[in-house]
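The following exercises are to be worked with the sequence and the coordinates at hand. Each task is followed by a solution in steps.

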Amino acid sequence: MLRISLPFTSRLSTRQLLFSRRSLTHFHRLYTSQSQPQHQPTKCCSKNEKEKENETQKSVLTLSFWSSKTGWKRAAVNTVRCLAGCTLGDFSALWVLQSFYGHWGMGAIMGVSMASGITTSILLETILLRRGVDKLPWGLAFRTATGMSLVSMLAMETVQNLVDFHLTGGVVLLDDPRFWAAALVSMGAGFLAPMPYNYWRLVRHGKSCH
């Protein structure tokens with residue numbers, strides 16, 4: 001015969017013990033809960049400390065936030081891919097427009113060239129997402145490419161064109177070594193300009209520009 005201690009039976013009425021469908025289950029839960037120690041150590045303090053530590057590491061005002069080698073490598077790869085697409089479309093449009101539509105003026109030509117650079121960057125990324133490791137369908141690859149950070153591309157295009165305009169006046173002379181030297185400098189500036197933003201976006205939000 002099952003014996004129940006008086007302090008415990010006081011919690012359950014006789015009617016509950018005899019007629020409740022879940023009386024045995026309820027009894028077992030109460031018994032096991034009473035057998036456990038009343039004061040258990042909590043880990044809330046340690047969890048809060050870990051959360052604060054993670055928040056500190058993700059703060060842009062701390063050195064640890066900017067010290068991720070993996071983050072910089074990934075940001076560099078993303079920026080190089082963006083730079084390749086932007087430079088291809090930008091300089092190609094500059095050469096074509098200056099050769100056949102020089103009457104447009106340098107401002108209009110450089111504006112169209114920047115739009116061309118962004119377009120080719122999206123197309124290149126779409127192809128890489130489709131043919132590369134990701135193997136995404138064409139539709140999803142295009143939507144993913146168009147959803148990448150426009151801030152990064154606009155910063156790259158703006159700085160690259162400003163440096164190129166300062167060094168060459170925006171004139172494309174394929175047979176002039178100074179043009180190619182200026183192109184390398186402008187590409188370097190275009191690479192460095194969005195790098196901190198790409199790193200921040202990747203480390204803080206887990207998102208890359210591609």
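**Exercise 1.** At what angle do α6 and helix α7 (residues 138-146) pack, and how far apart are their axes?

*Solution.* The model is predicted. Step 1: the two helices pack at an angle of about 135 degrees, and their axes lie 8 Å apart. Step 2: angles over 145 degrees count as roughly antiparallel and those from 65 to 115 as roughly perpendicular; α6 is therefore oblique to α7. Step 3: the crossing of α6 and α7 is right-handed. Step 4: α6 contributes I122, E125, T126, I127, L129, R130 and R131 to the contact, while α7 contributes W138, A141, F142, T144, A145 and T146. Step 5: by class, the residues of this contact comprise seven nonpolar, three polar and three charged.

**Exercise 2.** Describe the surroundings of S116.

*Solution.* Step 1: S116 is placed in helix α6, which spans residues 106-131. Step 2: the relative accessible area of S116 is 22%, so this residue is partly exposed; the limit for buried is under 20%. Step 3: leaving aside residues up to four places away in sequence, S116 touches G89 and A93. Step 4: A93 is 23 residues from S116 along the chain, yet their C-alpha atoms are separated by 6.6 Å.

**Exercise 3.** Where in the protein chain is confidence lowest, and where is it highest?

*Solution.* Step 1: the chain has an average pLDDT of 79, and 70% of the residues score at least 70. Step 2: the lowest mean, 45, belongs to helix α2 (residues 14-19), and the highest, 96, to helix α9 (residues 177-192). Step 3: residues 4-12 have pLDDT below 50, and this stretch has ten contacts beyond near neighbours in sequence.

Note on methods: Residues are numbered from 1 along each chain as its sequence is written. This is a predicted model: local features need pLDDT of at least 70, side-chain atom pairs count only at pLDDT 80 or more; totals for chains, interfaces and linings use all residues. Side-chain values use heavy atoms; hydrogens and water are left out. Helices (H or I, at least four residues) and strands (E, at least two) are DSSP runs, numbered from the N terminus. Buried means under 20% relative accessible area, exposed over 50%, partly exposed in between (1.4 Å probe, protein chains only). Contact means heavy atoms within 4.5 Å. pLDDT is the predictor's confidence in each residue, from 0 to 100. Axes are lines fitted to C-alpha atoms, for helices over the stretch in contact, and angles run from 0 to 180 degrees between N-to-C directions. Angles under 35 degrees count as roughly parallel, over 145 as roughly antiparallel, 65 to 115 as roughly perpendicular and the rest as oblique. A crossing is left-handed if the near helix is turned anticlockwise from the far one by less than a right angle, and right-handed if clockwise. Ala, Val, Leu, Ile, Met, Phe, Trp, Tyr, Cys and Pro count as nonpolar, Asp, Glu, Lys and Arg as charged, and the others, Gly among them, as polar.
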